[in-house]
Amino acid sequence: MISFPDITFEAGKYVDDLVSFLADNLEALFDFIFFVTSRSISGLTDFLMIIPWWLFIIIIFLLGWYFKSIFSGVLYGIFIFLIGSFGLWEEMMITISIILTAVIICLIIGIPLGVAMAFNKWVSMILRPILDAMQTMPSFVYLIPAIFFFGLGNVSAIFATLIYSLPPVIRLTDLAIRGVDKEVVESAQSFGSSRWQTLSKVQLPQALPTIMAGVNQTTMMALAMVVIASMVGASGLGEQVLVSINRIDIALGFEAGISIVFLAIIIDRITNGIAEKVQRRGGNK
């Protein structure tokens with residue numbers, strides 16, 4: 001009675017069979033996803049690398065100034081300059097490309113799913129436990145199917161990052177749509193607005209500040225996956241952190257690590273600034 005009875009349920013085997021089935025039968029789809037994603041990352045990286053270093057710093061300064069303050073703009077410009085002075089300029093651009101690609105895909109998938117959850121209780125009931133699992137599952141586990149479907153490289157990093165960082169934008173979009181004042185919605189409907197018109201002209205504008213908070217959280221979670229994604233061959237700052245661990249190189253580890261911190265601060269403050277601007281404009285209308 002002390003030991004567990006001789007009962008086994010090999011759940012992992014069924015998941016393995018499912019993944020193998022998908023890989024065998026949807027190979028063309030995965031090849032297409034790999035092609036589009038890899039080209040997107042490469043194109044975005046090439047575009048960012050074309051921008052002169054001084055112009056990129058000026059752009060960051062202007063974004064910081066417009067969305068926060070002139071002091072913030074100067075500080076963010078200094079952060080970017082320091083990353084370049086560490087010799088990590090190209091790695092920074094690759095990291096930004098991976099994050100932007102992952103976030104854009106998250107928004108394309110996440111916002112419609114969040115809207116669907118807000119309007120349909122069955123969709124909500126199905127997605128909630130899935131989102132719970134996505135948020136609580138150890139992030140290293142996502143690397144296994146990523147390698148299986150796409151091999152080593154930046155595309156696998158995008159896949160793993162997508163699973164990890166998608167839930168916040170879905171949940172907050174759902175919460176934002178549900179939180180819109182019902183009287184405002186009923187007023188729009190009483191004037192003859194269709195469901196689509198009510199959503200696009202009333203609910204989404206009202207919910208935008210909360211949705212922007214979801215965008216911020218998704219972006220920060222994508223950035224948090226940078227180092228973990230380097231374990232499946234992702235380039236960028238995360239790869240340098242991994243190299244420093246393998247070499248026990250404290251100097252490289254500090255420079256790559258503090259560069260990720262600098263990027264996190266800049267992205268967090270600017271996306272928060274965008275959300276605050278949107279909220280102010282919504283309040284003035």
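Tutor: Rings of Phe, Tyr and Trp (for Trp, the six-membered ring) form an aromatic pair when their centres lie within 6.5 Å, and the angle between planes makes the pair stacked (under 30 degrees), edge-to-face (over 60) or tilted (the rest). The model is a predicted one, in which local features need pLDDT of at least 70 and side-chain atom pairs count only at pLDDT 80 or more, while totals for chains, interfaces and linings use all residues. Residues are numbered from 1 along each chain as its sequence is written, and side-chain values use heavy atoms, without hydrogens or water.

Student: By this rule, how many aromatic pairs does the count come to?

Tutor: The count comes to seven aromatic pairs. One of them joins Phe 56 and Trp 89 in an edge-to-face arrangement, with 5.7 Å centre to centre and 80° between the planes.

Student: Why are Phe 61 and Trp 65 separated by about one helical turn?

Tutor: They are separated by about one helical turn because they lie four residues apart in helix α3. Phe 61 has a relative accessible area of 22% and is therefore partly exposed, and Trp 65 also counts as partly exposed, with 45%. Elsewhere, ring pairs link Phe 30, Phe 150 and Phe 159 into a cluster.

Student: Which residues lie nearest the centre of the largest pocket?

Tutor: On a 1 Å grid over the protein atoms alone, a pocket is an open set of points with protein on both sides within 12 Å along at least five of seven lines, a cavity is a set where a 1.4 Å probe fits but cannot get out, and lining residues have an atom within 4 Å of a point. Points are joined across faces, edges and corners, and volume is the space filled by probe spheres set on them. The largest pocket, of about 730 Å³, has 24 lining residues, and nearest its centre lie Met 134, Tyr 142, Pro 145, Phe 159 and Ile 163. At least two lining residues come from each of α1 (11–25), α5, α6 (121–136), α7 (143–150) and α8 (154–178).

Student: And how much space lies in the second largest pocket?

Tutor: The second largest pocket holds about 550 Å³. It is lined by 23 residues, with Ile 60, Leu 63, Ile 96, Leu 100 and Ile 267 closest to its centre. Two or more of the lining residues are given by each of α2 (27–50), α3, α5, α10 (195–224) and α13 (250–284), and the largest share, six residues, comes from α13.

Student: What lines the largest cavity?

Tutor: The count gives one cavity of 30 Å³ or more. The volume of the largest cavity is about 40 Å³, and its lining consists of Thr 95, Ile 98, Val 226, Ala 234 and Ser 235.

Student: Where is Ser 230, and which residues does it touch?

Tutor: Ser 230 sits in the loop between α11 (226–229) and α12 (237–247), and a relative accessible area of 5% is why it counts as buried. Leaving aside residues up to four places away in sequence, Ser 230 touches Gly 238, Glu 239 and Leu 242, where contact means heavy atoms within 4.5 Å.

Student: What is phi of Ile 248 near?

Tutor: Most residues other than glycine have a negative phi. Phi of Ile 248, however, is a positive value near 55°. Ile 248 lies in the loop between α12 and α13, and its relative accessible area is 70%, so Ile 248 is exposed.

Notes. Buried < 20%, exposed > 50% of the residue type's maximum accessible area, 1.4 Å probe, protein only.
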